[in-house]
Structure formats: structure tokens, C-alpha cells
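Q: Could you walk me through this one? I have not looked at it before, so please spell out the terms as you go.

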Amino acid sequence: MTASPADPATVPRASAPLPSPLRIALARAAVETKVLFRERDAVVFTFALPIVFLVLFASIFFFSDSAEGTGVTVAQLYTAGLIGSGVMGTGFQNLGIGIAGDREDGTLKRLVGLPMPRAAYFIGKIASVLVMTVLQVAILLAIAVLFYDLTLPAEVSTWLTFAWVFVLGVSAASVLGIAVSGLPRSGKSATAVISLPFVVLQFVSGVFIPITQLPDWLVNAASIFPLKWMCQGFRAVFLGDAGAALELTGSYELGRVALVLAAWLVGGLVLCVTTFRWKGRRDG
């Protein structure tokens with residue numbers, strides 16, 4: 001007597017293996033980037049703000065003498081500072097506000113229930129910041145070259161300096177944005193809570209006002225934070241040896257730039273691990 005074939009509905013199926021964590025992280029990065037660019041108002045504002053500042057300041061001072069007789073043009077000076085400001089603004093301000101909004105509308109709470117490594121969410125966010133800052137820097141440099149006679153460096157070593165300052169800057173700003181996202185009591189208050197310190201940092205870190213024109217106590221305060229060092233690193237790239245005279249020590253101190261940015265990256269990671277909340281305050 002032959003056994004009747006088993007009912008396919010009663011045969012247990014082997015569960016399909018989950019994608020690798022790297023594949024999930026890359027997929028999340030693609031999702032975050034698409035979501036970012038769908039917010040057209042936010043994208044336009046993020047791109048436009050540093051560009052507007054460059055056009056305003058470079059146009060106002062276009063016919064003035066070079067900065068303190070160094071041969072460094074005003075366009076060079078502001079381009080370097082605004083690249084640093086753009087990196088910090090996208091990583092710290094925009095990312096912090098965006099994550100606070102995700103926490104407020106329940107996005108983070110829903111993601112926790114998915115079979116997805118939690119790190120994939122953060123990788124996706126940082127990837128979207130990286131895409132945004134690369135495009136932002138490219139547009140800033142194109143405008144400065146086409147309209148304000150900015151000369152790009154020709155040495156490979158100088159571009160390598162730009163690369164490590166950029167990567168460290170984006171990384172440090174992003175982890176700090178993730179960490180600061182827990183400070184606002186709600187998504188609605190995030191813009192005010194996170195934007196105010198960033199605006200202050202821009203004025204004391206050499207973005208709008210040359211660092212040598214600031215009082216010592218402000219310089220000492222700004223030296224604690226990464227934006228001042230990020231701008232200093234970008235000045236080393238775009239101002240060259242002539243611009244070193246505009247630094248307080250007569251040097252770009254690239255070793256200290258790397259040390260401070262790396263320290264903020266590590267400190268930001270520690271803050272993320274110890275303080276990040278997936279639920280809003282109202283959720284308990």
C-alpha cells in the first residue's frame with residue numbers, strides 16, 4: 001500500500017534566510033536618500049543657504065583687497081568656511097532635526113519591531129548626509145570657480161587632505177546629530193533646540209568672521225568644538241601656504257585638526273550608544 005502524498009499546506013517550509021546586515025544597511029541607505037530628496041523644500045534650503053552666503057559675502061567684498069595682504073581672496077576664505085559650515089549643518093543640524101521628527105511620528109518605534117539591524121538605520125542616515133554634502137560641496141566649488149576666481153588646488157596631497165578632513169568632518173557631525181536628536185522634548189521643538197547652538201558656532205568658528213578678529217575667550221570656546229577645526233582644515237586646502245598667516249598660530253595645525261575631529265567622532269559614538277532613545281518621551 002503506497003502512502004498518499006502529503007498535503008503541501010501541511011509541509012513545513014524552511015524560512016527564507018534574512019539578507020546580510022550589509023545588504024540591509026545599503027537598502028536602508030537608498031531609502032533614506034530617496035526620502036531626503038522627496039522633501040524638496042528641505043533639499044532646496046540645505047543647498048541654497050551656504051550658496052546664498054557665498055554669493056552675498058563674496059559679492060560684497062569682491063572688490064576689496066586680499067585678506068590682510070596675504071594674496072588670499074575673500075572668495076577663497078568664505079568658500080573654505082562655508083564648506084565646513086555646510087558639512088556641520090547637514091550632519092549635525094539637519095540630521096538631528098530629522099531623527100527627532102522620526103521619533104515624534106513613531107517611525108523609530110516601528111523600525112524597532114522590524115527584523116532589521118538597528119545599525120542599518122544609522123548607516124542609512126549617515127549615507128544620506130554624505131550624498132547631500134558631496135553635492136553641496138560640488139555646487140559651492142563650481143560657483144566659486146566660475147564667478148569668484150577660486151583656484152582649485154593642483155596637488156594630489158592637498159586633495160588627500162581635503163578627503164580626510166571631509167570624511168572625519170561628516171562622520172563627527174553625523175554622530176553628533178544622532179546624539180543631539182534626543183535633546184528636544186518633541187519633534188516640533190527640534191528646530192529651535194538644535195539650530196541655535198549651530199548658528200552661534202558658525203559665528204565663533206571662523207565661518208563668517210576671520211578667527212583672528214575674534215576675542216580670545218570666544219576663540220578658546222570655539223576651539224572646544226569641531227566646526228572651528230573643520231573650517232581650519234578646509235582653509236589649509238583652499239588657501240594654501242599664503243593663508244597660514246591668517247591662523248592664530250601661523251599654521252593650520254593639521255595634526256590637531258585630525259585629533260580633535262577624531263575625538264569628537266569617538267565621543268559622539270559614545271553618546272549615541274549611551275543616550276539614544278527609540279521612543280519619544282510620551283511613549284515612556
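Q: What share of the contacts in the protein chain with a separation of 6 or more comes from residues 24 or more positions apart?
A: Such residues account for 81% of those contacts in the protein chain, where a contact means heavy atoms within 4.5 Å. Please keep in mind that this is a predicted model, in which local features need pLDDT of at least 70 and side-chain atom pairs count only at pLDDT 80 or more, while totals for chains, interfaces and linings use all residues. Residues are numbered from 1 along each chain as its sequence is written, and side-chain values use heavy atoms, with hydrogens and water left out.

Q: And how many helices and strands are there?
A: The protein chain has ten helices and zero strands, and from the N terminus on its elements run α-α-α-α-α-α-α-α-α-α. Helices (H or I, at least four residues) and strands (E, at least two) are DSSP runs, numbered from the N terminus.

Q: How much of the chain counts as buried?
A: Of the 284 residues in the protein chain, 45% count as buried. Buried means under 20% relative accessible area, exposed means over 50%, and partly exposed lies in between, using a 1.4 Å probe and protein chains only.

Q: Let's look at a pair of helices, then. At what angle do H2 and H3 pack?
A: Helix H2 (residues 40-60) and H3 pack at an angle of about 160 degrees, with their axes 10 Å apart. That makes H2 roughly antiparallel to H3. Axes here are lines fitted to C-alpha atoms, for helices over the stretch in contact, and angles run from 0 to 180 degrees between N-to-C directions; angles under 35 degrees count as roughly parallel, over 145 as roughly antiparallel, 65 to 115 as roughly perpendicular and the rest as oblique.

Q: Which residues of H2 and H3 meet?
A: On the H2 side they are Thr46, Pro50, Phe53, Leu54 and Phe57, and these meet Val74, Ala75, Tyr78, Thr79, Leu82, Thr90 and Asn94 in H3. By class, this contact of H2 with H3 has eight nonpolar, four polar and no charged residues, where Ala, Val, Leu, Ile, Met, Phe, Trp, Tyr, Cys and Pro count as nonpolar, Asp, Glu, Lys and Arg as charged, and the others, Gly among them, as polar.

Q: What about Phe47, is it buried or exposed?
A: Phe47, which is found in helix H2, is buried, with a relative accessible area of 14%. Leaving aside residues up to four places away in sequence, Phe47 touches Phe37, Met132, Leu135, Gln136 and Ile139. Phe47 and Thr133 are 86 residues apart in sequence and 8.8 Å apart in space, C-alpha to C-alpha.

Q: Where does Thr133 sit, and what does it touch?
A: Thr133 has its place in helix H5 (residues 118-148) and is buried, with a relative accessible area of 0%. Not counting residues up to four places away in sequence, Thr133 touches Gly86, Val87, Thr90, Phe166 and Val170.

Q: Changing topic: how many aromatic pairs turn up in the whole structure?
A: A search of the whole structure finds 16 aromatic pairs. In one of them, the rings of Phe162 and Phe238 have their centres 6.0 Å apart and their planes at 80 degrees, so the pair is edge-to-face. Rings of Phe, Tyr and Trp (its six-membered ring) pair if their centres lie within 6.5 Å, and planes under 30 degrees apart count as stacked, over 60 as edge-to-face and the rest as tilted.

Q: Which helices hold Phe162 and Phe238?
A: Phe162 is in helix H6 (residues 156-180) and Phe238 in helix H9, so to speak distant parts of the chain, 76 residues apart. Phe162 counts as buried at 13% relative accessibility, and Phe238 is buried as well, at 2%.

Q: Which residues form an aromatic cluster?
A: Phe53, Phe57, Tyr78, Phe203 and Phe208 form one aromatic cluster.

Q: Last one: where is Ile97, and what does it touch?
A: Ile97 has its place in helix H3 (residues 74-104) and is partly exposed, with a relative accessible area of 21%. Apart from residues up to four places away in sequence, Ile97 touches Ala190, Thr191, Ile194 and Ser195. Ile97 and Ala190 are 93 residues apart in sequence, and their C-alpha atoms are 5.4 Å apart in space.
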